[in-house]
Structures are given as structure tokens and as C-alpha cells.
Amino acid sequence: MLTAADFRGRVLALPPTPMRADVDPLGPESTVDLDEACRLAEQLIRDGVGLIGLCGTTGEGATTTWAERVQLYDAVNQTSAGRVPVLAGTTALGTKEVVEQMRVVRQLGLTGAFVGLPLWQTPTLDNAVGFHADLAEAVPDLPLLVYANRFFFKFEYPIEFWRGVAQRCPTVVACKTSFPLTEELLAVAGEQVAFLNGEGGMLTAAYKAFPDYRHGCWATSAAMGPQPWVAAMAAAAAGDRDRAIELLEAIDTVPLSIPDFSLFAQYNLQFEKARIDAAGYTRCGPPRPPYTDLPKAWRDAALANAAAWRKLCEVTETAERKGPVHA
């Protein structure tokens with residue numbers, strides 16, 4: 001089974017779920033563009049990503065139906081053909097439904113599940129730990145990645161939560177997070193959980209603060225071209241931390257000039273798909289209702305970010321042949 005060690009030096013790509021523009025988004029026909037999803041997965045693998053996580057936020061996990069996701073999971077997993085682990089989003093409103101989805105994911109042969117807390121009540125510490133413990137007991141042969149998004153799941157994921165995970169949830173092997181890491185957090189989780197930071201500078205801070213930090217990263221922007229992330233993780237895996245930090249600092253300089261970050265949770269999916277589409281690495285298609293609104297200032301910021309990211313990809317490819325990145 002997948003373990004925390006399998007995330008070291010690897011990029012977890014979190015691609016969009018491409019959508020068809022030629023069908024009614026609210027009609028009976030599936031709107032998922034399976035051909036583009038599989039083409040994107042193949043390109044990401046060839047370009048060096050080490051894991052693929054499907055149907056998170058940008059992956060339209062909240063807006064696709066379960067039937068659509070099953071088709072997507074099966075198609076992408078077959079495309080991967082065991083070359084990289086594929087993790088499937090199984091976030092739902094209650095534990096029973098999550099367990100049912102996880103069992104289907106296991107039957108399809110995917111590597112693991114990518115799960116957030118149930119989206120209804122605000123979680124308590126007891127039911128947040130108990131939720132993951134129940135999943136571990138019900139589906140003990142499917143590894144779990146915790147989607148620790150504080151905005152969406154209304155939970156702070158404190159030290160006490162991770163202490164409970166370490167004691168009661170043996171199938172939790174990784175966490176996708178955007179919060180700062182601490183010595184206490186890393187010590188509590190031990191070797192069981194790989195804490196993956198990504199965009200927003202947190203990963204750079206982790207590599208600077210913790211000399212022994214070897215975890216990989218998550219990257220939504222991998223779907224814009226994964227070269228900067230792949231190069232950074234390759235340097236980290238090779239033990240060249242200075243090079244890894246230099247590459248991560250170059251990533252951090254790419255402007256993300258959104259008008260008001262306090263509103264990001266309102267425009268997350270729309271903004272991500274706008275910048276990914278503009279980068280040209282994949283074709284996202286239209287966002288699924290109800291998340292279709294994006295103010296012009298946000299769209300302009302997405303286009304600017306995409307242009308800067310394309311340039312960084314080119315600079316990175318050149319620098320990998322000639323020396324350190326300067327962007």
C-alpha cells in the first residue's frame with residue numbers, strides 16, 4: 001500500500017476535470033471530457049509528476065455526479081497503468097457515503113482516496129478524528145490523503161487532531177495542506193503522514209525551516225505545465241536543498257495578483273480553471289454550475305498569472321540544462 005515515503009520528492013498534480021462544452025451542463029448526459037482528461041494525465045506523467053489527485057476543488061469534486069466521477073477515475077487510472085499512484089476524491093456529506101465511494105475506488109484499482117471532512121455541520125475534534133478512524137476501519141486497504149482545507153471544511157486541523165490520527169487512523173498517509181508546518185506537528189505525525197504544502201510559499205518556508213524535511217508537494221498549477229515543480233522536487237530528492245529552494249522561490253515570484261484574497265474561497269474553482277485554460281497545457285472547458293461567475297479583475301489576474309507561468313516553465317527547462325533558475 002501507499003505510504004508517506006511514496007510522497008518524498010514527488011509532485012502531486014491536482015488537475016482540473018475537463019468539461020465538454022457541447023452538452024447541457026445540467027442535462028442527463030455526462031459533461032466530463034474523458035478524452036482530454038486522459039490526454040492530460042498522460043502528459044503530466046510524461047512530464048514527470050509523481051502522483052495524480054482527481055476531483056478536489058479545481059477537479060470539480062463538488063459539482064460532478066458520482067457516476068461521472070466513476071467514469072473519470074476508471075479512465076485516468078487505466079491511462080496511468082500503474083506508472084504513478086492515482087488518488088480519487090471521495091468527499092461527501094456523511095461517512096456512509098464516503099465509505100461506499102471508497103469501496104468503489106478500491107474495486108476500480110486506484111491507489112488511494114483523497115477526502116475532506118463531511119460538508120454539513122462544523123466538525124468537532126472528536127468527530128473529525130472519528131470520521132477518519134471509521135474510514136480506516138471500514139476500508140483498511142485503501143490509503144487516505146486528508147484534504148485539510150480550512151476554508152471549505154470549517155476545521156483548523158490542530159495538533160490534537162493529528163495526535164488522534166496517529167493513534168487511531170493507520171490508513172492516513174498524507175495531507176494536502178496550506179498551513180505552516182511546525183516541529184510539534186511533524187513530530188506528532190512521525191513517519192506516518194507526509195505533509196504536502198504547495199502554492200502560496202508555505203513549501204518554501206518548510207524547506208528553509210526544517211533541514212530534514214523530505215516531503216513532496218501538491219500543485220494545482222501543474223496543469224499549467226509541471227516543469228518548475230518537477231525540477232524543485234527532483235532537486236530535493238537528490239539532496240540539493242539549495243537548488244530546491246531556489247526553484248521554489250522562483251515559483252513564489254510568479255504574480256498571483258487577485259484583487260482580494262479574503263474572497264478566494266468564493267472564486268477558487270473559477271479562477272483556477274481560468275488561469276489553467278489560459279496557460280494552454282490543457283483545455284478545461286466551461287466550469288460547472290453554480291460556480292461560473294468570475295469578475296473581470298479576477299479574470300485579468302488569471303490571464304496574467306498564466307502568462308508568467310508559461311515563461312517560468314520555459315526558463316526552468318533552460319535552467320535545468322544550464323544552471324540555477326533566475327526568474
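Reply: Helix axes here are lines fitted to C-alpha atoms over the stretch in contact, and angles run from 0 to 180 degrees between N-to-C directions. Helices are DSSP runs (H or I, at least four residues; strands are E, at least two), numbered from the N terminus. This is a predicted model, with local features needing pLDDT of at least 70, side-chain atom pairs pLDDT 80 or more, and totals for chains, interfaces and linings using all residues. Residues count from 1 along each chain as its sequence is written, and side-chain values use heavy atoms, without hydrogens and water.

Me: At what angle do the axes of α9 and α10 cross?

Reply: Roughly 160°, coming within 7 Å. The helices span residues 227–237 and 241–252. That makes α9 roughly antiparallel to α10 (over 145 degrees; under 35 is roughly parallel). The crossing is left-handed (near helix turned anticlockwise from the far one by less than a right angle; clockwise is right-handed).

Me: Which residues of α9 and α10 make the contact?

Reply: Contact means heavy atoms within 4.5 Å. α9 gives P228, W229, A231, A232, A235 and A236; α10 gives R243, A244, L247, L248 and I251. By class, 10 are nonpolar, none polar and one charged. Ala, Val, Leu, Ile, Met, Phe, Trp, Tyr, Cys and Pro count as nonpolar, Asp, Glu, Lys and Arg as charged, the others as polar.

Me: Is α2 roughly parallel or antiparallel to α3?

Reply: The axes of α2 (residues 66–80) and α3 (residues 95–108) come within 10 Å and cross at roughly 25°. That makes α2 roughly parallel to α3. This crossing is right-handed. Among the contact residues are W66 and Y73 of α2 and V104 and L108 of α3. The contact divides into six nonpolar, two polar and two charged residues.

Definitions and conventions. Parallel < 35°, antiparallel > 145°, perpendicular 65-115°, else oblique.
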